[in-house]
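Subject: Structure handover

Hello,

Here is the structure I promised you. Please open it next to this email, then read on for what was found in it.

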Amino acid sequence: MARLPRLYLPGCAQHVIQRGNNREACFYEEADYKAYLSFLKDAAEKYRVAIHAFVLMTNHVHLLVTPSDEKGISRMMQAQGRKYVQYFNFTHGRTGTLWEGRYKSTLVDVENYLLTVYRYIELNPVRSGMVVHASEYPWSSYQGNALGKPVQLLTPHPIYSRLGSAEAERESAYRALFRGRMPERDLAAICEATNKAWVLGDERFKAQIEAKTGRRAVPLGRGGDRKSAAFRKLKNQ
């Protein structure tokens, strides 16, 4: 089956996943995480992509970003990816590819799903059993969004800024979002939309994206092959 073209809309948030090749580790030590974030910051600034949330796991990366133009995210990912692979291979005495093909992404309905994606990203280390609470993991945006630690890479999304008029108020309201577990339906919706290049949002948002881009935002119904004898037989039963 041919791959669907990525959906890009300037000013529309996207959830991005970049995985290590064959699910192998792409970070070995503290310096690797710092190098990746440094390269990402430079590329994001150059191509005018706002980064709202991130987590660097052992063998993959999640980002929540908003581009200023249609090519911003792809250029950012190519630039930082190229630099990081050069750094990683040289530092660890290896050769060859590091990333698993194309990164995956989905457009995000900010009014209904943005803060859910923030939580999904920053709770990755908890779901993986690496830490008990998101605050314990050093390589995620939770450190800045919830705890107020300086993270130059981050740009608050307007939806995040609505959580409070003062920084301390926003951080407190944000921490409150992390009480309890995420509903399984939200986890499944985010995974499916991102991995299959569909759109994450309500029906109204999906219809708007289809109208703007001319590309399907959801999979076709599973009605079978309407030309097959089996389908015609079922239809006539």
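One term first: a polar contact is a pair of N or O atoms within 3.5 Å, and within protein one of the two must be able to donate a hydrogen and the other to accept it. Keep in mind that this is a predicted model.

**Threonine 66**

Start with threonine 66. This residue sits in strand E3, which covers residues 60–67. A polar contact links its side chain to that of histidine 52, at 2.7 Å. Is threonine 66 buried or exposed? Its relative accessibility is 12%. Buried means under 20%, so threonine 66 counts as buried.

Now look at what surrounds threonine 66. Setting aside neighbours within four places in sequence, its contacts are Gly11, Cys12, Ala13, Arg48, Val49, Ala50, His52 and His157. Threonine 66 and alanine 44 are 22 residues apart in sequence. Their C-alpha atoms are 10.0 Å apart in space.

**The sheet**

Next, find the sheet that holds E3. The sheet is open and has 4 strands, in the order E2-E3-E1-E4. The pairing is antiparallel. Which strands form the edges? They are E2 (49–56) and E4 (104–107), and each pairs on one side only. From one strand to the next, the twist averages 20°.

Histidine 15 has leucine 64 of E3 as its bridge partner.

**Helices on the sheet**

Helix H1, residues 30–46, packs on this sheet. H1 touches E1, E2 and E3. The direction of H1 makes about 165° with that of E2. Helix H8 lies across E1 and E4. H8 runs at about 115° to E4.

**Two helices together**

H8 also meets another helix. Two packed helices are described by the angle and the distance between their axes. How do H3 and H8 cross, and at what angle? H3 covers residues 110–122 and H8 covers residues 184–195. Their axes come within 11 Å and cross at roughly 90°. H3 and H8 are therefore roughly perpendicular to each other.

H3 brings Tyr113, Thr116, Val117 and Tyr120 to the contact. H8 brings Asp186, Leu187, Ile190 and Cys191. By type, the contact residues divide into 6 nonpolar, 1 polar and 1 charged.

Best wishes

Conventions. Residues numbered from 1 in each chain as written. Predicted model: local features only at pLDDT ≥ 70, side-chain atom pairs only at ≥ 80, totals over all residues. Heavy atoms only, no water. Axes fitted to C-alpha atoms, helices over the stretch in contact; angles between N-to-C directions. Helix = DSSP H or I, 4+ residues; strand = E, 2+ residues; numbered from the N terminus. Parallel < 35°, antiparallel > 145°, perpendicular 65-115°, else oblique. Contact = heavy atoms within 4.5 Å. Nonpolar A, V, L, I, M, F, W, Y, C, P; charged D, E, K, R; others polar. Buried < 20%, exposed > 50% of the residue type's maximum accessible area, 1.4 Å probe, protein only. Pairing = 2+ DSSP bridges.
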